[in-house]
Amino acid sequence: MARKTIDERIEENIRKQEQLKARERDLKKRKSEEDRKRRTRRLIEIGGIAESVLGREFSEEDKIRFMNFLKKQETNGKYFSKAMNEVAG
């Protein structure tokens, strides 16, 4: 069996590095897609909760009022953050 030359070994290493980089890109893409799907699901669930409490669908104006309400709660004493960060016990 003939030994590989240094140039052949270098080329082989370059090919392996390219394959690893391609695999890394694929894994990062898959992770990004999974993260996006989890975020989308979470946002849909939060919207569903908000609509169930309101008792009807949110209108465009409701979205703005809801955002302003939450911001006001934070400005007035971080009430929303405090409520969301409470530890159940």
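By class, how many nonpolar, polar and charged residues does the lining of the largest pocket have?

Tutor: The lining of the largest pocket has 8 nonpolar residues, no polar residues and no charged residues. (Ala, Val, Leu, Ile, Met, Phe, Trp, Tyr, Cys and Pro count as nonpolar, Asp, Glu, Lys and Arg as charged, and the others, Gly among them, as polar.) The model is predicted, with pLDDT of at least 70 needed for local features and 80 or more for side-chain atom pairs, while totals for chains, interfaces and linings use all residues. Residues are numbered from 1 along each chain, and side-chain values use heavy atoms, without hydrogens or water.

The pocket (an open set of points on a 1 Å grid over the protein atoms alone, with protein on both sides within 12 Å along at least five of seven lines) holds about 170 Å³ of space. Its lining residues (an atom within 4 Å of a point) are Ile46, Ile49, Ala50, Val53, Phe66, Leu70, Phe80 and Met84. Two or more of these residues come from each of H1, H2 and H3 (helices are DSSP runs of H or I, at least four residues). Helix H1 gives the most to this lining, with 4 residues.

Helix H1 covers residues 6-54, and Ile6 is found in it. Ile6 counts as exposed because its relative accessibility is 58% (buried is under 20%, exposed over 50%, partly exposed in between, with a 1.4 Å probe and protein chains only).

Charged pairs come next. Side chains of opposite charge can pair when their charged atoms come close. There are 9 salt bridges in the structure (a side-chain nitrogen of Lys or Arg within 4 Å of a carboxyl oxygen of Asp or Glu). One of them joins the side chains of Glu12 and Lys16, at 3.2 Å from N to O. Both of these residues lie in H1, 4 residues apart, which is about one turn of the helix. Lys16 is partly exposed because its relative accessible area is 42%.

Asp35 and Arg38 are separated by about one helical turn because they are 3 residues apart in H1. In another part of the model, salt bridges that share partners join Lys4, Glu12 and Lys16 into one network. Lys31 is partly exposed, with a relative accessible area of 48%, and Asp35 is also partly exposed, at 30%.

Glu45 is partly exposed, since its relative accessible area is 40%. From Glu45 to Thr75 there are 30 residues in sequence and 25 Å in space, C-alpha to C-alpha.

Lys78 is found in the loop between helix H2 (60-77) and helix H3 (79-85). Its phi is near 55°, a positive value in a residue other than glycine. Most residues other than glycine have a negative phi.

Terms used
On a 1 Å grid over the protein atoms alone, a cavity is a set of points where a 1.4 Å probe fits but cannot get out, and a pocket is an open set with protein on both sides within 12 Å along at least five of seven lines; lining residues have an atom within 4 Å of a point. Grid points are joined across faces, edges and corners, and a volume is the space filled by probe spheres set on the points.
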